[in-house]
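Work through the exercises below with the sequence and the coordinates open. Each task is followed by its solution in steps.

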Amino acid sequence: MDKRLKIREIAARTQLSISTVSRVLAGKSNTSDNARRLVLECARELGVMEGMAAGRLLLNSLMIFAPQRAFDERSDIFYYRVIQSVNKGLASHEVRLRYCALEEHDSDAQLFLARMNEPDTHAAILLGIDDPHIHDLAVDVGKPCLLINCRDRLMRLPVVAPDHRAIGERAAGYLFEMGHREVMNVLCLRRYTMELRLAGIRDAWRSHNMKFTDDRDLLVATNFSARETEQLVSEWISERKGQDLPTAFLVGGDFMAAGVISALQKRGLRVPQDISVMSIDGFNLASIQDVPLTAVHVPRDELGTEAVYMLQQRLVRPEAPVSSLLLNGTLAVRESVRRIRQGKRRTAVEQEGLYDR
């Protein structure tokens, strides 16, 4: 049965006009919620949804829930750009994009339910919302809902996120490829995503038969600011009292990298001639004080676009298995990391556990 006959059959079954059925299946916005529901239910029964073009987004209104800072570029440029990429992904569709601010934790459940139950909310995206109670409510409401850069620990909601662990491992691995073995990691661990990056860094250490020690190899900042990171690194260098410094710093963001470079330069150290600096970010400050910054780019603009594609598939195939899409980072090689030759100190190989005895 061809497409035209199926449209006629859907119209006959639903008692709607052919033009109304066509508008719904084309993703047009000028249809009622009831007509849309009837057409999609019938289309699924007839198998029409399986053969539909992936480019159609079968909804009229999408709600984005995100922390308040996500709506201000100066407060959180990463999330702000993710939202812009969702907007870009919807550009070819007749979809109204709406917004609601929620806290990452202890979110306002009543506000969430009120917005989700509005007739104009056909689907939702949760950006960076870690509250498991909100995830429970999203499942209970039953409307299509997708997570960006957060996770439903009970694995009921689809997710699009950077592969934070692999990104951390790739960044540390690059420094090892460049000959560095004494590396200080400067990270902000305010979210589990940063913990995943640290886990990836530890993976890289293990893969090179090295033991990662928090006291020796990790400095933890409370935020991503350049000022705090500069102070943290300056104090750490002072406490070393002339001991050898690492050959490289691996830093959890561009602004933090700016703080590290400033702390080093104020002590007369050059980047990368004396100490290399690498960032896990690479968008905000590609060049810091004339030092082009080597970095692993964390996918950002791609998150929103891929979320729209995944939402399309969920609408066409709601019975499909729930999945997580993890996006790889991209290595940007610039001038803040130099290759070094191994010094007199050798990499310690852990004997215990390497071989059966």
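**Exercise 1: the open sheet**

Helix 11 (residues 254–265) lies across strand 6, strand 7, strand 8 and strand 9, running at about 165° to strand 9. The model is predicted: local features need pLDDT of at least 70, side-chain atom pairs count only at pLDDT 80 or more, and totals for chains, interfaces and linings use all residues. Residues are numbered from 1 along each chain as its sequence is written, and side-chain values use heavy atoms, with hydrogens and water left out.

Task: state the strand order of the open sheet and name its edge strands.

Step 1. Helices (H or I, at least four residues) and strands (E, at least two) are DSSP runs numbered from the N terminus. Two strands pair if DSSP finds at least two bridges between them. Contact means heavy atoms within 4.5 Å. Axes are lines fitted to C-alpha atoms, for helices over the stretch in contact, with angles from 0 to 180 degrees between N-to-C directions.

Step 2. The six strands follow the order 7-6-8-9-12-14, and the pairing is mixed. Strand 7 (218–221) and strand 14 (330–332) are the edges, since each pairs on one side only. With direction ignored, neighbouring strands are turned by 15° against each other on average.

Step 3. Check individual pairs. Strand 6 and strand 8 (residues 248–251) are parallel, with four bridges; Met 184 has Phe 249 of strand 8 as its bridge partner. Strand 9 and strand 12 also run parallel and are joined by four bridges, whereas strand 12 and strand 14 are antiparallel over three bridges.

Step 4. Follow His 297. In strand 12, His 297 stands opposite Asp 281, and Thr 330 in strand 14 is also opposite His 297. Ala 295 and His 297 point one way from strand 12, Thr 294 and Val 296 the other, and all are buried (under 20% relative accessible area; exposed is over 50%, partly exposed in between; 1.4 Å probe, protein chains only).

**Exercise 2: salt bridges**

Step 1. A salt bridge is a side-chain nitrogen of Lys or Arg within 4 Å of a carboxyl oxygen of Asp or Glu. The structure holds 23 of them.

Step 2. In the pair Asp 120 and Arg 96, the closest N and O atoms are 3.6 Å apart. Asp 120 is in the loop between helix 5 (109–116) and strand 3 (123–127) and Arg 96 is in strand 2 (residues 96–101), so the pair ties together parts 24 residues apart in sequence.

Step 3. Glu 118 and Arg 98 form a salt bridge at 2.2 Å, N to O. The pair links the loop between helix 5 and strand 3 to strand 2, 20 residues apart. Glu 118 is partly exposed at 21% relative accessibility, while Arg 98 is buried at 12%.

Step 4. A network of salt bridges links Arg 69, Asp 76, Glu 104, Asp 130, Arg 190 and Arg 191.

**Exercise 3: helix 12**

Task: what span should helix 12 have, and what is the distance between its end C-alpha atoms?

Step 1. The expected span is 1.5 Å times one less than the number of residues.

Step 2. The 16 residues of helix 12 (residues 301–316) should therefore span 22 Å; the end C-alpha atoms are 24 Å apart, which agrees.
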